[in-house]
Amino acid sequence: MCRSCGAIIGAGQTACAVCDAPITRAERSKRPPAGYDRETLRFARAVLGRPYIFTIIFLIANFFLFLLMWHSSGMSFRVLIAEFPQGVLVAYGAKLNSSINQQHEWWRFVTPMFLHVNLLHILVNMYSLWMVGPYVEKLYGSARFVFFWVVTGIAGVVASYLTVVQPSSRFGGFRFLFKTTDVPSAGASGAIFGLVGVLFVFGIKFRKELPEGFKRAFGTGLLPVIVINLFIGYLGSGVIDNAAHLGGLLSGAGLALAVGYRRPGQRTAMAFAWQAAQALALALVLVSFAKVAQHFNAPPVSNQGPVTQNTAFLLFVRAISDGSEVLQNALHVHGDTNEIDGVIAKLESSRAPDAKADQLRNQLVQLLKEAKLLPAPPATPTPTPSPSPSPSPSPSKSKGPLDAQSKLQQKYETWKTEYDQWLKTKA
């Protein structure tokens with residue numbers, strides 16, 4: 001921290017980027033005592049002395065969820081270096097277009113901004129949040145900061161969602177923005193780019209009233225940071241979600257254009273409105289993770305490290321077995337279909353070993369969906385005494401439901417025969 005203005009100092013810096021005060025003793029001895037901007041110091045002390053509690057809360061939340069995901073991945077140190085299994089990422093709420101489109105899991109637009117795929121991913125993003133977040137929260141206040149974080153994070157996920165396209169699509173010179181495979185996507189980088197966009201526009205929009213030190217630190221001073229990070233994303237387009245980064249950056253810039261910051265000593269009449277916006281943003285995050293907990297179905301993962309080909313095969317077979325059991329219960333035992341949605345999600349998140357396995361899984365999912373549409377079994381009527389014998393009811397009155405159930409049973413038996421043959425070949 002800078003002793004003069006309280007700004008955060010990056011590693012290796014010899015002078016504060018805000019007030020230009022020297023950091024090390026050697027640098028202080030080289031400069032005259034009054035060599036930095038007094039107006040910058042006054043402004044910085046008035047603004048940067050404010051708390052940044054929600055930056056710390058978001059840091060803790062990200063690390064807490066990371067530890068939970070590591071636990072669900074078997075707590076192997078090797079998985080920290082590689083990445084968490086796909087099933088774990090999906091279970092904790094990573095963005096997956098198929099789950100959003102087919103299962104209508106809308107909360108996957110919100111939860112990915114708190115999830116990370118490995119140790120390097122979370123360390124880089126949390127360091128970036130620690131360097132950028134306090135400035136935004138101190139300049140704009142905690143209410144606006146929370147709103148910025150959630151909105152720009154969602155914008156990044158939406159941009160990632162919209163850029164998953166068919167392999168035959170033409171991209172022109174924007175290939176690095178698009179993805180041809182629907183894989184889980186997670187990370188706080190979209191929201192972090194949003195905060196960078198806020199500071200970039202802040203420095204330009206209020207350049208006439210900002211002291212010289214703040215003009216150097218924000219606005220056009222952030223251009224090298226933005227360009228370098230976008231270039232890194234371009235080079236690593238196979239693993240970096242550039243669409244999410246751009247979506248967060250542009251949405252953050254747009255918000256900063258419309259929103260003013262908290263000037264030193266200024267009280268705004270919009271405080272209540274921003275507190276309400278903050279409460280709604282936090283409520284949206286909490287409800288989204290409540291939906292994750294409600295649909296949670298992380299697969300058991302071996303603690304021997306990342307999912308191997310053999311482990312993936314066993315997890316796939318287990319998911320098929322669970323789906324088959326739920327389908328038989330729906331057909332024969334009690335007609336209960338409450339578990340069908342959960343087992344469908346588990347099947348769709350499992351990794352098929354080959355094309356035939358993928359076909360069999362899709363067929364089982366379709367059978368489960370048909371079982372969910374079967375009419376409920378009729379209640380057993382209470383016997384009542386009758387003065388005279390009555391003719392037996394015509395069997396044609398219950399023929400419709402029985403036919404639907406028998407047809408589904410026949411489809412299942414055909415599928416089961418085909419699956420058993422595949423399993424004997426692959427096992």
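In this predicted model, Leu 129 is in contact with Thr 55, Phe 58, Leu 59, Pro 134, Phe 145, Trp 149, Ile 192 and Leu 195, leaving aside its neighbours within four places in sequence. Leu 129 belongs to the largest nonpolar core, which has 68 residues; together with Val 136, Leu 139, Tyr 140 and Trp 149, Leu 129 touches the most other members. Helix α9 (residues 189–205) supplies the largest share of this core, nine residues. Another core, of 24 residues, lies apart from it and includes Ala 371, Trp 415, Tyr 419 and Trp 422. In soluble globular proteins, nonpolar side chains tend to be buried together.

| Helix | Residue range | Residues in the contact |
|---|---|---|
| α15 | residues 340–349 | Ile 340, Asp 341, Val 343, Ile 344, Leu 347, Glu 348 |
| α16 | residues 355–372 | Arg 361, Leu 364, Val 365, Leu 368, Lys 369, Ala 371, Lys 372 |

Of the residues in the contact of α15 with α16, eight are nonpolar, none polar and five charged. The axes of the two helices come within 10 Å and cross at roughly 170 degrees. Because angles over 145 degrees count as roughly antiparallel, α15 and α16 are roughly antiparallel to each other. The crossing of α15 and α16 is left-handed.

Lys 346 also lies in helix α15. Its relative accessibility is 19%, so Lys 346 counts as buried, the cut-off being under 20%. Not counting residues up to four places away in sequence, Lys 346 touches Asn 297, Arg 318, Ala 319 and Asp 322.

Notes:
Residues numbered from 1 in each chain as written. Predicted model: local features only at pLDDT ≥ 70, side-chain atom pairs only at ≥ 80, totals over all residues. Heavy atoms only, no water. Core = buried A, V, L, I, M, F, W, Y, C linked by side-chain atoms within 4.5 Å. Buried < 20%, exposed > 50% of the residue type's maximum accessible area, 1.4 Å probe, protein only. Helix = DSSP H or I, 4+ residues; strand = E, 2+ residues; numbered from the N terminus. Contact = heavy atoms within 4.5 Å. Axes fitted to C-alpha atoms, helices over the stretch in contact; angles between N-to-C directions. Parallel < 35°, antiparallel > 145°, perpendicular 65-115°, else oblique. Left-handed = near helix turned anticlockwise from the far one by under 90°. Nonpolar A, V, L, I, M, F, W, Y, C, P; charged D, E, K, R; others polar.
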